[in-house]
Amino acid sequence: MDIDLIFKIAAVGIIVSILNQVLSKTGREEQATMTTLAGLIVVLMIIVEKISELFTMVKNLFGF
């Protein structure tokens, strides 16, 4: 596992938290919630891609 993956997830988290704070302070709570959900979806897509790569590697390793 590369350290780049951790940095990508951390960068998304930082950007989402900043946007969430800015939108919450301006009274746009609904948009802040949507931004948080979008960030969560992006991180989940990154993680699902890595898990898929892991399963493919295990599959090739055992010859299924």
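These questions and answers walk through a predicted model of one protein chain.

Me: What radius of gyration does the protein chain have, against that of a compact globule of 64 residues?
Reply: The C-alpha trace spans about 55 × 20 × 5 Å along its principal axes. A compact globule of 64 residues would come near 11 Å. The protein chain has 16 Å.

Me: How far does α1 reach from its first C-alpha to its last?
Reply: α1 has 23 residues. At 1.5 Å a residue, 33 Å is expected. The model is close to that, at 33 Å.

Me: How far does α2 reach from its first C-alpha to its last?
Reply: α2 has 34 residues.

Me: Are α1 and α2 roughly parallel or antiparallel?
Reply: Their axes come within 8 Å and cross at roughly 170°. Angles over 145 degrees count as roughly antiparallel. Therefore α1 against α2 is roughly antiparallel.

Me: Which residues of α2 make the contact with α1?
Reply: On the α1 side, the contact uses Leu5, Ile9, Val12, Val16, Leu19, Asn20, Leu23 and Ser24. The residues of both sides divide into 11 nonpolar, 6 polar and 2 charged. The α2 side is Glu29, Gln31, Ala32, Thr35, Thr36, Gly39, Val42, Val43, Ile46, Ile47 and Lys50.

Me: Which residues of α1 are buried?
Reply: Of the 64 residues of the protein chain, 14% count as buried. Those of α1 pack against α2. They are Leu5, Val12, Val16 and Leu23.

Me: Which residues of α2 are buried?
Reply: Their cover includes α1. An α-helix has 3.6 residues a turn, so residues three or four places apart point the same way. The buried residues of α2 are Ala32, Thr35, Gly39, Val43 and Ile46.

Me: Why does Thr35 count as buried?
Reply: Thr35 is found in helix α2. Leaving aside neighbours within four places in sequence, Thr35 is in contact with Val16, Leu19 and Leu23. Buried means under 20% relative accessible area. Thr35 counts as buried because its relative accessibility is 18%.

Me: What is the relative accessible area of Thr36?
Reply: Thr36 also lies in helix α2. Beyond neighbours within four places in sequence, Thr36 is in contact with Val16 and Asn20. Thr36 is partly exposed, at 34%.

Me: How far apart in space are Thr36 and Asn20, C-alpha to C-alpha?
Reply: Thr36 and Asn20 are in contact. In sequence they are 16 residues apart. In space, C-alpha to C-alpha, the distance is 6.8 Å.

Me: How far apart in space are Lys59 and Lys25, C-alpha to C-alpha?
Reply: Lys59 is found in helix α2. Lys59 is partly exposed, with a relative accessible area of 46%. Lys59 and Lys25 are 34 residues apart in sequence. C-alpha to C-alpha, they lie apart by 49 Å.

Me: Which residue just after α2 takes a positive phi?
Reply: α1 is followed by Gly27, with a positive phi near 90°. Just after α2, the positive phi is about 75°. The residue there is Gly63.

Methods: Residues are numbered from 1 along each chain as its sequence is written. This is a predicted model: local features need pLDDT of at least 70, side-chain atom pairs count only at pLDDT 80 or more; totals for chains, interfaces and linings use all residues. Side-chain values use heavy atoms; hydrogens and water are left out. Axes are lines fitted to C-alpha atoms, for helices over the stretch in contact, and angles run from 0 to 180 degrees between N-to-C directions. Helices (H or I, at least four residues) and strands (E, at least two) are DSSP runs, numbered from the N terminus. Angles under 35 degrees count as roughly parallel, over 145 as roughly antiparallel, 65 to 115 as roughly perpendicular and the rest as oblique. Contact means heavy atoms within 4.5 Å. Ala, Val, Leu, Ile, Met, Phe, Trp, Tyr, Cys and Pro count as nonpolar, Asp, Glu, Lys and Arg as charged, and the others, Gly among them, as polar. The expected span of a helix is 1.5 Å times one less than its number of residues. Buried means under 20% relative accessible area, exposed over 50%, partly exposed in between (1.4 Å probe, protein chains only). The radius of gyration is taken over C-alpha atoms; the globule rule is 2.2 Å times the number of residues to the power 0.38.
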